[in-house]
Amino acid sequence: MSQADTPGREDRLDALEQRLRAVEDELAIVRQVAAYGPLVDAGEATRVADLWTADGVYDVEGYFMGDRSAIEAMVESPEHQGLIGRGGSHFLGPAHVEISGDRAVAVCESVLLVRHEGRVLPARIGANRWEFARTDEGWRCTHRVVRALDGSAEARALLARTRVED
Amino acid sequence: MSQADTPGREDRLDALEQRLRAVEDELAIVRQVAAYGPLVDAGEATRVADLWTADGVYDVEGYFMGDRSAIEAMVESPEHQGLIGRGGSHFLGPAHVEISGDRAVAVCESVLLVRHEGRVLPARIGANRWEFARTDEGWRCTHRVVRALDGSAEARALLARTRVED
Amino acid sequence: MSQADTPGREDRLDALEQRLRAVEDELAIVRQVAAYGPLVDAGEATRVADLWTADGVYDVEGYFMGDRSAIEAMVESPEHQGLIGRGGSHFLGPAHVEISGDRAVAVCESVLLVRHEGRVLPARIGANRWEFARTDEGWRCTHRVVRALDGSAEARALLARTRVED
């Protein structure tokens, strides 16, 4: 083992592994967020809930879900089934992801499009902040908050909290 | 070559190359999906068709295109030219990508926004499932199916088929 | 050091570093674009402006901003504050990114959703072309052009200019 080249190679391998892991983490979180709309509009209750940790929180204005079974129940509720039975889209914008070790935050906006009397209408626009944790199953959401973008200071503040420590 | 360190390095290089290729594949597919809206709304018929393989299928409810020339013809059709001549947007949501070797699937939702009498209207919402293959030209779509999110079981089932083997 | 294996390893490390840097660059640009909507709808004037270089240009039809302070002033303007005070969303589609050395281009579409008399309305659809440069602070936008997708040849041409040299 030559002193001149080998420590350099070891360092380069270490650095590559660390950087690649950060890239894979970011893509995994983007994938989790991208899965939500299609799965919830398909009515896949178990798979939607599985995007969260077992005790993950999904807090939508006026509707608080405190674990996976509450999230499943929302997808299976007459309200949600009625919405997707008429045709609707939980349309998400691009997720802005920041990672810090085993935690991450994704911030994005959302539009709920519904069908009403033969037309497609944007019914709600939302501010979304997702917190994620690295688990044995992969990255899972521990806390997602959605607030209507109706001019409230709360919704706007949510969009500004792009960092894990915010 | 020391037995202690070198096989480890070889394995690490192999693993890095394999993982990086998976990341590059995912980004390449995301890029192909992200190219569709801008290119079809620009009217770039040849470049739209080139997102597919030569015999790639584009199956939109009521409109079946079985190869690149059929896709080009759609972009150049009076219907599409009229739509983009008045101003319209084929707006896609974030693509959820899964890769298995030389094949991949991307699932996303879409909204068609059109201009009508000075206003912008969401005219259609859709469920999209893209199948991709790795080719000598890069990743190309072999089969894209779009179905209106109008409450039909077919459209919802499409959104749930996120895996290559589905 | 054996001639047979060692140059191969050096080359593989070089190639990995170069490919990983391209991936990191692409994700960094995607992240900058994904940050815009949430930050501008939050009213975070300084952070919005910081997505650009100090003398970066933001050219929206009828509104030309020639540096960071002009962009900050737009976010703080009564017009923008009124829009986000009633509730609005600058909703961006997925960015198509191409990189060439220290420059990059991202093309995407956008929808401005506004609240009006209790309803959410898509007020504008836009063609977006962002130019980026690698700077000491990271990737920053040097020039963003937005044109209404109203059927104009200019807006459509913008969407087709996906390459750095275009």
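Angles between axes under 35 degrees count as roughly parallel, over 145 as roughly antiparallel, 65 to 115 as roughly perpendicular and the rest as oblique. The model is predicted: local features need pLDDT of at least 70, side-chain atom pairs count only at pLDDT 80 or more, and totals for chains, interfaces and linings use all residues. Residues are numbered from 1 along each chain as its sequence is written, chains are lettered from A and ligands numbered from 1 in the order in which they are written, and side-chain values use heavy atoms, with hydrogens and water left out.

**Chain symmetry**

- Two copies of a chain are related by a rotation about an axis and a shift along it.
- Chain A superposes on chain B by a rotation of 120° with 0.0 Å of shift along its axis (RMSD 0.0 Å). The two copies are thus related as by a three-fold rotation axis.
- For chain A on chain C, the superposing rotation is 120°, with 0.0 Å of shift along its axis and an RMSD of 0.0 Å.
- The superposition is by least squares on the C-alpha atoms of residues with pLDDT of at least 70 in both copies.

- Two packed helices are described by the angle between their axes and the distance between the axes.
- Helices (H or I, at least four residues) and strands (E, at least two) are DSSP runs, numbered from the N terminus. Axes are lines fitted to C-alpha atoms, for helices over the stretch in contact, and angles run from 0 to 180 degrees between N-to-C directions.
- In chain A, helix H3 (residues 68-76) and helix H4 (residues 78-86) pack at an angle of about 45°, with their axes 5 Å apart. H3(A) and H4(A) are therefore oblique to each other.
- On the H3(A) side, the contact (heavy atoms within 4.5 Å) uses Met74(A), Val75(A) and Glu76(A); on the H4(A) side it uses Pro78(A), His80(A) and Gln81(A).
- The residues of this contact of H3(A) with H4(A) divide into 3 nonpolar, 2 polar and 1 charged. Ala, Val, Leu, Ile, Met, Phe, Trp, Tyr, Cys and Pro count as nonpolar, Asp, Glu, Lys and Arg as charged, and the others, Gly among them, as polar.
- In chain B, the axes of H3(B) and H4(B) come within 5 Å and cross at roughly 45°. That makes H3(B) oblique to H4(B).
- Met74(B), Val75(B) and Glu76(B) of H3(B) meet Pro78(B), His80(B) and Gln81(B) of H4(B). By class, this contact of H3(B) with H4(B) has 3 nonpolar, 2 polar and 1 charged residues.
- In chain C, the axes of helix H3 (residues 68-76) and helix H4 (residues 78-86) cross at roughly 45° and come within 5 Å. H3(C) and H4(C) are therefore oblique to each other.
- H3(C) contributes Met74(C), Val75(C) and Glu76(C) to the contact, and H4(C) contributes Pro78(C), His80(C) and Gln81(C).

- Buried means under 20% relative accessible area, exposed over 50%, partly exposed in between (1.4 Å probe, protein chains only).
- Helix H3 (residues 68-76) of chain B buries Arg68(B), Ile71(B), Met74(B) and Val75(B). Seen down the axis of H3(B), these buried residues fall within an arc of 120°, so they line one face of the helix.
- The arc is that of the directions from the helix axis to the C-beta atoms.
- Helix H4 (residues 78-86) of chain B buries His80(B), Leu83(B) and Ile84(B). Their arc, seen down the axis of H4(B), is within 90°, so they line one face of the helix.
- Exposed Pro78(B) and Arg86(B) sit on the face of H4(B) turned away from its buried side.

**Loop residues**

- Most residues other than glycine have a negative phi, and most peptide bonds are trans.
- Glu117(A) is not a glycine, yet has a positive phi of about 50°. Glu117(A) lies in the loop between strand E5 (103-116) and strand E6 (119-135) of chain A. At 71% relative accessibility, Glu117(A) counts as exposed.
- Glu117(B) has a positive phi near 50°. Its relative accessible area is 72%, so Glu117(B) is exposed.
- Gly62(C) is in the loop between strand E1 (52-60) and strand E2 (63-65) of chain C. Gly62(C) is exposed, at 92% relative accessibility.

**A contact between chains**

- Arg19(C) belongs to helix H1 (residues 6-42) of chain C. At 29% relative accessibility, Arg19(C) counts as partly exposed.
- Leaving out residues up to four places away in sequence, Arg19(C) touches Glu17(B), Leu20(B), Arg21(B) and Glu24(B).
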